[in-house]
Amino acid sequence: MTIEELKSSDKQMLTPSDIKDIVGADAQTIRTQAKTHPELLGFPVTVLGSITRIPRIGFLHWYMYGNAYIISDANAIEKPATTMEETA
């Protein structure tokens, strides 16, 4: 899929195959990274056994603005720390 196709899509969840051309990696590499170190991808992922799904809105946000925001509860949105000092 292209980024324009993703923007106009009504899919809630994407697969690694949907985003592989956009991120420039093969789908299996995305699946492996999601399972072993999902935080390094930068966008939100869900892994259920061998199934990897990416929320479309979260992925688009990451693509357009960088790291996705973390929703810690229904009423609060936080920007993730970008340096080691911010996490301490």
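This is a predicted model: local features need pLDDT of at least 70, side-chain atom pairs count only at pLDDT 80 or more; totals for chains, interfaces and linings use all residues.
Residues are numbered from 1 along each chain as its sequence is written, side-chain values use heavy atoms without hydrogens or water, local features need pLDDT of at least 70, side-chain atom pairs count only at pLDDT 80 or more, and totals for chains, interfaces and linings use all residues.

A pair of aromatic rings is described by the distance of the centres and the angle of the planes. Rings of Phe, Tyr and Trp (its six-membered ring) pair if their centres lie within 6.5 Å; planes under 30 degrees apart count as stacked, over 60 as edge-to-face and the rest as tilted. A search of the whole structure finds 3 such pairs.

In one of them, the ring centres of phenylalanine 43 and tryptophan 62 are 4.9 Å apart and the planes stand at 65°, so this pair is edge-to-face. Phenylalanine 43 lies in the loop between α3 (27-36) and β2 (46-48), whereas tryptophan 62 belongs to helix α4 (residues 56-65); the pair therefore ties together parts that are 19 residues apart in sequence. Helices (H or I, at least four residues) and strands (E, at least two) are DSSP runs, numbered from the N terminus.

Tryptophan 62 also pairs with phenylalanine 59: the centres are 5.4 Å apart and the planes at 40°, so this pair is tilted. Both residues lie in helix α4, 3 residues apart, about one turn of the helix. Phe43, Phe59 and Trp62 form one aromatic cluster.
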